[in-house]
Amino acid sequence: MFDRFGRLGLCTILVLAQWLTGCAALRPAQDLPASNASIDRFLLHGRVAVKLDERGYAAGLRWCHSPTGDSVTLLSPLGSVVAEIESDGEGAKLTTSDNKIHRANDVQSLTREVLGWDLPLSGLRYWVTGRADPALPVQSQPRDDAQRPTSLTQSEWTVTYLAYFGASAMPARMLLVHDRLKLRLIVDRWELPK
């Protein structure tokens, strides 16, 4: 029992250390920008539901993104860490709740191998902020009256923006679909650099 709580405490310390170093000087969600053009780092708190064929999963989500890397923590409904995904220029690492470590060159192939579904982190870091990945061609991108995308099709993924935080450029709810995979993402809180 102590080992389980000791590991959880260590994970919490590591996540906090990563958050403090990678996402320092963040502003609260009520101060969200009207433009998302210059966002290069964020801390996202939310929930994700994954459906692959007839199988479904749901988890809490904490994602810290900076220009040098990403730290994604998936949480159970009770708040315990289910998996931690870290990536940087050296590759990607996924640590499960039982402390098994898996490594790959990128997050997408790592999550495919370990979780059974692709997490397209390289494009997703743009899509979650309401932007297209500048490195990929855009198949379609209709916009609302405020010029925010209502949907986006890129790299065989279709992202539908279901809601935004008020008049800001920051998405609150979205649906991502690729082949047989559906990811429903709800953002509870954004924290962005000042």
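This is a predicted model: local features need pLDDT of at least 70, side-chain atom pairs count only at pLDDT 80 or more; totals for chains, interfaces and linings use all residues.
Which residues does T129 touch, not counting residues up to four places away in sequence? The answer is N36, I39, F42, A169, M170, P171 and W190, where touching, or contact, means heavy atoms within 4.5 Å. Residues are numbered from 1 along each chain as its sequence is written, and side-chain values use heavy atoms, with hydrogens and water left out.

Let's start with the overall picture. The chain's secondary structure comes to three helices and 12 strands; here helices (H or I, at least four residues) and strands (E, at least two) are DSSP runs, numbered from the N terminus. The chain has 194 residues, and 46% of them count as buried. Buried means under 20% relative accessible area, exposed means over 50%, and partly exposed lies in between (1.4 Å probe, protein chains only). The chain exposes about 10500 Å², of which carbon and sulfur atoms supply 54%; such areas come from the Shrake-Rupley method with a 1.4 Å probe, and for residues only the protein chains shown count as cover. Among contacts between residues at least 6 apart in sequence, 39% join residues at least 24 apart.

Now back to T129. You will find this residue in the loop between α3 and β8. T129 is buried, with a relative accessible area of 0%. Its side chain makes a polar contact with the side chain of R131 at 3.0 Å. A polar contact is a pair of N or O atoms within 3.5 Å; within protein, one must be able to donate a hydrogen and the other to accept it, and residues adjacent in sequence count only if both atoms are side-chain atoms.

In soluble globular proteins, nonpolar side chains tend to be buried together.

Next, look at strand β4 (residues 69-75). Seven of its seven residues are buried, so β4 is largely enclosed by the rest of the structure. In a regular strand the side chains alternate between the two faces of the sheet. Both faces of β4 are covered, with G69, S71, T73 and L75 on one side and D70, V72 and L74 on the other.

What flanks β4 in the pairing? Two strands pair if DSSP finds at least two bridges between them. Strand β3 (residues 55-66) pairs with β4 in the antiparallel sense over seven bridges, and L61 has L74 as its bridge partner. These two strands form a hairpin with two residues between them. β4 also pairs with β5 in the antiparallel sense over seven bridges, and here S71 is bridged to E86. The hairpin of β4 and β5 has five residues between the strands, and G79 in the turn has a positive phi of about 95°.

P77, in the loop between β4 and β5, counts as exposed at 83% relative accessibility. G60, in strand β3, counts as buried at 15% relative accessibility. Leaving out residues up to four places away in sequence, G60 touches G46, R47, T73, L74 and L75.

Our last stop is helix α2 (residues 107-114), where V107, L110 and T111 are buried. They cover an arc of only 90° around the axis, which puts them on the same side of α2; the arc is that of the directions from the helix axis to the C-beta atoms. The buried residues of α2 pack against β5 (81-88), β6 (91-96), β7 (101-104) and α3 (121-127). At the start of α2, a side-chain oxygen of D106 reaches to within 3.1 Å of the backbone nitrogen of Q108. After the helix comes G116, whose phi is positive, near 90°.
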